[in-house]
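I opened this model to look up helix packing and a few loop residues. My entries follow.

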Amino acid sequence: MKTLLPTSTAGSLPKPSWLAEPETLWSPWKLEGDALTHGKEDALRVALQEQQQAGVTIVSDGEQTRQHFVTTFIEHLHGVDFENRKTVKIRDRYDASVPVVVSEVSRQKPVFVADAKFLRSQTQQPIKWALPGPMTMVDTLYDDHYKSREKLAWEFAKILNEEAKELEAAGVDIIQFDEPAFNVFFDEVNDWGIACLERAIEGLKCETAVHICYGYGIKANTDWKQTLGSEWRQYEEIFPKLQASAIDIISLECHNSRVPMELIELVRGKKVMVGAIDVATNTIETPEEVADTLRKALQFVDADKLYPCTNCGMAPLSRDIARGKLQALHAGAEIIRQELQQANA
Ligand SMILES: [Zn+2]
């Protein structure tokens with residue numbers, strides 16, 4: 001029987017200290033060559049085991065094989081110069097030194113397919129694999145070639161589709177596209193962002209998800225959140241078009257956020273990964289707090305479409321805290337499962 005309220009994480013988990021500096025984003029690898037290859041595989045095994053021990057239903061690689069959720073993918077593409085960087089403002093929020101698109105972009109060989117096959121070989125559970133979304137990729141680069149965000153996004157969508165088809169063939173059950181940029185550039189999302197996403201999932205038979213959050217718990221993001229006022233209504237701008245899109249699952253930040261829960265009504269019919277774990281605090285949620293967020297979400301999501309999840313990735317947290325949060329997610333989901341079963345009994 002299919003698990004009710006299948007749990008998962010938005011993506012990343014902390015890396016072991018022997019692989020990369022803990023509690024930092026973009027942390028450089030501590031190993032190289034074959035040792036790095038094996039180290040990444042071992043870290044993936046550990047991340048998988050921690051999810052399994054916590055009772056997570058849909059497991060992932062915890063992004064153990066990548067340094068960053070966007071740039072690691074782009075590093076594998078042709079047409080992007082990582083040496084001569086330029087500074088841009090990411091999501092209108094913070095300056096970052098980024099690679100430059102210097103010629104036509106293309107994918108010469110698979111990026112994550114071998115990693116996905118490895119994860120597949122380690123577990124019978126459903127697996128989810130995260131890729132960056134086209135708009136978020138564009139927003140993390142300086143474009144000196146296409147001179148058009150839309151054109152570049154379209155090219156990335158085609159590349160992502162090639163990768164996604166191979167991930168599907170490798171046995172991935174859910175392919176997720178991370179699009180935090182969807183929370184910022186509403187006009188572009190509605191003009192071409194969702195269309196590009198649909199191009200990226202064209203022809204896929206596995207399930208597809210889009211993750212739209214308010215970012216990792218880093219200072220630039222928490223400062224930005226302070227400016228958003230008492231109600232965060234960003235989702236409202238893009239939900240109508242997402243509801244009408246071909247995407248199966250929408251992954252959202254809900255716990256401790258100021259997103260009015262009733263906005264989820266706008267995507268009624270879609271499966272919703274409800275963020276019930278705050279990744280911007282070291283406080284581990286109690287199961288009851290998790291259950292409370294899920295209970296609120298159930299007013300706007302049918303029970304068979306509710307997927308308890310984390311608000312975002314947990315890479316910047318300590319391993320102990322991330323483990324505690326995984327356990328809280330499972331325990332909170334379990335409370336609601338029992339309530340639903342009693343209601344149906
Ligand atoms: Zn996120």
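**Loop residues**

I started with Lys147, which sits in the loop between β4 (142–143) and α5. Helices (H or I, at least four residues) and strands (E, at least two) are DSSP runs, numbered from the N terminus. The model is predicted: local features need pLDDT of at least 70, side-chain atom pairs count only at pLDDT 80 or more, and totals for chains, interfaces and linings use all residues. Residue numbers start from 1 along each chain as its sequence is written.

I checked the backbone of Lys147. Its phi is positive, about 55°, although Lys147 is not a glycine. Is Lys147 buried or exposed? Lys147 is exposed, because 9 other C-beta atoms lie within 10 Å. The cut-offs I used: buried means 20 or more other C-beta atoms within 10 Å of the residue's own, exposed means 12 or fewer, and partly exposed is in between, with C-beta atoms placed from the backbone.

Next I went to the loop between β7 and β8, where I found Asn256. Asn256 also has a positive phi, near 60°, and is a residue other than glycine. It counts as partly exposed, with 18 C-beta neighbours inside 10 Å.

Pro260 lies in the loop between β7 (249–253) and β8 (271–275). Pro260 has 14 C-beta neighbours inside 10 Å, so it counts as partly exposed. What does Pro260 touch, not counting residues up to four places away in sequence? I found Glu231 and Arg233. Contact here means C-beta atoms, placed from the backbone, within 7 Å. I also looked at Pro260 against Arg120: they are 140 residues apart in sequence and 37 Å apart in space, C-alpha to C-alpha.

**α1 and α3**

I then turned to helix α1 (residues 33–54) and helix α3 (residues 113–122). Their axes come within 11 Å and cross at roughly 45°. Axes are lines fitted to C-alpha atoms, for helices over the stretch in contact, and angles run from 0 to 180 degrees between N-to-C directions. The two helices are therefore oblique to each other. Angles under 35 degrees count as roughly parallel, over 145 as roughly antiparallel, 65 to 115 as roughly perpendicular and the rest as oblique.

Which residues meet? From α1 I noted Glu41, Leu44, Arg45 and Leu48, and from α3 Phe118, Leu119 and Gln122. By class, this contact of α1 with α3 has four nonpolar, one polar and two charged residues. Ala, Val, Leu, Ile, Met, Phe, Trp, Tyr, Cys and Pro count as nonpolar, Asp, Glu, Lys and Arg as charged, and the others, Gly among them, as polar.

I listed the buried residues of α3: Asp115, Ala116 and Leu119. They cover an arc of only 100° around the axis, so they are on the same side of α3. The arc is that of the directions from the helix axis to the C-beta atoms. These buried residues of α3 pack against α1, β3 (128–132) and α5 (149–169).

**α6 and α8**

For helix α6 (residues 186–200) and helix α8 (residues 234–243), I found axes that come within 9 Å and cross at roughly 15°. That makes α6 roughly parallel to α8. In α6, Phe186, Val189, Asn190 and Ile194 meet Glu237, Ile238, Lys241 and Leu242 in α8. The residues of this contact divide into five nonpolar, one polar and two charged.

Key:
Contact = placed C-beta atoms within 7 Å.
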